[in-house]
Amino acid sequence: MTKTDINKYFNIAIKAAEKARGKCSPNPFVGSVIVKNNKVIAIGWTLQYGGDHSEIQAIKKAGIAAKGATLFVTLEPCSHYGKTPPCAKAVIDAGIQEVYIGISDPNPKVSGKGIEMLKNAGINVHCGFLEDKIKKQLEYYLCHIQKGRPFVTLKTAFSLDGKYAAEDGSAKWITGEKARKYVHKLRSENDVVLTGIKTILADDPMLNVRLPGKVKQPLRVVLDPLLKIPWQSRFINSLAEFPGMIISSNSMLKTEQAKALRQKGAIIQGLDCENNRFNLSEVLNLLHNMDFYSIFLETGSGLAEAFLKENLIDKFIFFYGAKILGGTKSPLPNLGLNNIDQAILMRDISYRKIEQDIMVIAYPASIT
């Protein structure tokens with residue numbers, strides 16, 4: 001099989017995997033393509049947690065035609081029993097004779113064992129194709145496994161001259177309707193939307209996904225050391241419909257405020273606090289242990305700066321609205337970068353135009 005053909009089938013598998021983005025966590029979203037006689041006979045992607053993995057879905061679609069066929073899969077087939085049986089065993093049982101794997105799975109439960117199972121069954125196995133593209137697609141999962149914490153994306157909106165608000169503090173509708181709608185899509189692709197109590201008090205956001213049709217709602221999380229969240233806030237009043245968690249100081253867990261919030265439907269988690277500030281690594285560790293892989297950070301400058309200073313932001317998504325505001329409302333005024341040599345360097349920068357607005361995606365060069 002030529003390199004061109006291999007890349008073609010992997011690109012189909014990568015596109016298929018996107019159908020599962022944000023819908024199958026804590027499983028990674030994976031794409032599979034089964035090919036026979038140079039024709040695609042089945043395409044699969046990971047279903048919701050507890051459902052079929054991409055290989056199983058593709059094998060079921062192919063039926064008996066899978067025997068003697070070739071499988072292209074973006075991530076190494078699993079080799080262990082979890083919510084579902086091992087995919088590697090299903091591939092063997094289906095009679096597939098050759099497997100091309102995009103990247104190996106760093107999960108210690110798999111980590112080459114799936115490849116070994118396939119080889120021991122006499123299947124020709126090839127690994128290492130479009131690796132950079134697949135690793136970026138699976139960045140949430142790889143961060144969870146390799147760094148032991150969720151992947152953190154900071155989203156923020158500016159005017160073209162880099163201001164987050166007008167001088168009087170008003171900031172509503174910096175970007176247009178289509179860009180704002182796209183933010184809801186981004187929320188739906190993440191496990192958690194995280195903010196701080198100052199943002200709740202200032203903007204009263206709901207932080208949910210408001211798109212037509214059936215969509216996955218992320219867990220909304222507020223860092224609120226002293227449980228200052230207002231009873232009349234939209235976050236509290238929507239708890240019956242959209243899940244919400246408040247992380248407070250351990251000292252607040254047995255208070256009347258905590259009890260009343262639980263009765264409203266809020267999940268209350270406690271962490272140690274110093275000067276009403278959380279250790280952000282402990283926040284991420286808490287969410288990691290709850291099997292959340294991705295965090296969408298929508299917050300003001302203070303919390304954003306705190307994450308940045310701790311080197312805990314993996315990805316930036318900047319929306320630039322087609323406006324010029326002027327004034328002094330800089331989005332990150334207290335980072336303490338007093339010299340150009342201290343600037344936070346970016347890599348892998350991409351952008352797209354959304355009507356008159358511009359979305360820029362960038363990764364900090366210090367995080368790999």
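Reader: Hi! Which residue in E13 is the bridge partner of Phe151?
Author: Ser294 is the bridge partner of Phe151 in E13. Keep in mind as we go that this is a predicted model.

Reader: Got it. How many bridges join E6 to E13?
Author: Four bridges join strand E6, residues 151–159, to E13, and the two strands run parallel.

Reader: And what about E7, how many bridges join that strand to E13?
Author: Strand E7, residues 192–196, is joined to E13 by three bridges, and this pair runs parallel too. Within E13, Phe296 is the residue that stands opposite Val193.

Reader: Are the faces of E13 covered or open, then?
Author: Both faces of E13, residues 294–297, are covered. Ser294 and Phe296 are buried on one side, and Ile295 and Leu297 are buried on the other.

Reader: Nice. Which residues does Arg187 touch?
Author: Setting aside residues up to four places away in sequence, Arg187 touches Val193, Leu207, Asn208, Val209, Arg210, Pro218, Phe296 and Glu298.

Reader: Where is Arg187 found, and is the residue buried or exposed?
Author: Arg187 is found in helix H7. Its relative accessible area is 9%, so Arg187 is buried.

Reader: What lies 2.6 Å from a polar atom of the Arg187 side chain?
Author: That would be the backbone oxygen of Asn208. Asn208 is also among the residues that Arg187 touches.

Reader: Why does Ser188 count as buried?
Author: Because its relative accessibility is 14%, and the cut-off for buried is under 20%.

Reader: Which backbone oxygen lies 2.6 Å from a polar atom of its side chain?
Author: The backbone oxygen of Lys185 lies at that distance from the side chain of Ser188. Leaving out neighbours within four places in sequence, Ser188 is in contact with Gly22, Val209 and Lys216.

Reader: How far apart are the C-alpha atoms of Leu211 and Ser188?
Author: They are separated by 9.2 Å, and the two residues are 23 residues apart along the chain. Leu211 sits in the loop between H8 and E8.

Reader: What does Leu211 touch?
Author: Not counting residues up to four places away in sequence, Leu211 touches Lys181, His184 and Lys185. Its relative accessibility is 21%, so Leu211 counts as partly exposed.

Reader: Switching topic: what is the volume of the second largest pocket?
Author: It has a volume of about 740 Å³. The pocket is lined by 26 residues, and the closest to its centre are Lys198, Asn276, Arg277, Gly302 and Leu303.

Reader: Which element gives the most to that lining?
Author: H12 does, with six residues. Helix H8 (197–203), strand E12 (277–278), helix H11 (280–289) and helix H12 (301–309) each supply at least two residues.

Reader: Now helix H2. How many of its residues are buried?
Author: Seven of its nine residues are buried, so helix H2, residues 54–62, is mostly covered. The buried ones are Ser54, Glu55, Ile56, Gln57, Ala58, Ile59 and Ala62.

Reader: What do they pack against?
Author: They pack against E1, strand E2 (39–45), strand E3 (70–75) and helix H3 (87–93). Just after H2, Gly63 takes a positive phi of about 65 degrees.

Reader: Which residues other than glycine have a positive phi?
Author: Leu227 is one of them, with phi near 50 degrees. Glu355 is another, with phi near 55 degrees.

Reader: Where do Leu227 and Glu355 lie?
Author: Leu227 lies in the loop between strand E8 (219–223) and helix H9 (234–237). Leu227 is buried, with a relative accessible area of 7%. Glu355 is in the loop between strand E15 (346–354) and strand E16 (357–364).

Reader: Last one: which residues does a cis peptide bond join?
Author: Ser25 and Pro26, with omega at about 10 degrees. Pro26 is found in the loop between helix H1 (3–17) and strand E1 (31–36).

How values were computed
Residues are numbered from 1 along each chain as its sequence is written. This is a predicted model: local features need pLDDT of at least 70, side-chain atom pairs count only at pLDDT 80 or more; totals for chains, interfaces and linings use all residues. Side-chain values use heavy atoms; hydrogens and water are left out. Buried means under 20% relative accessible area, exposed over 50%, partly exposed in between (1.4 Å probe, protein chains only). A polar contact is a pair of N or O atoms within 3.5 Å; within protein, one must be able to donate a hydrogen and the other to accept it, and residues adjacent in sequence count only if both atoms are side-chain atoms. Contact means heavy atoms within 4.5 Å. On a 1 Å grid over the protein atoms alone, a cavity is a set of points where a 1.4 Å probe fits but cannot get out, and a pocket is an open set with protein on both sides within 12 Å along at least five of seven lines; lining residues have an atom within 4 Å of a point. Grid points are joined across faces, edges and corners, and a volume is the space filled by probe spheres set on the points. Two strands pair if DSSP finds at least two bridges between them.
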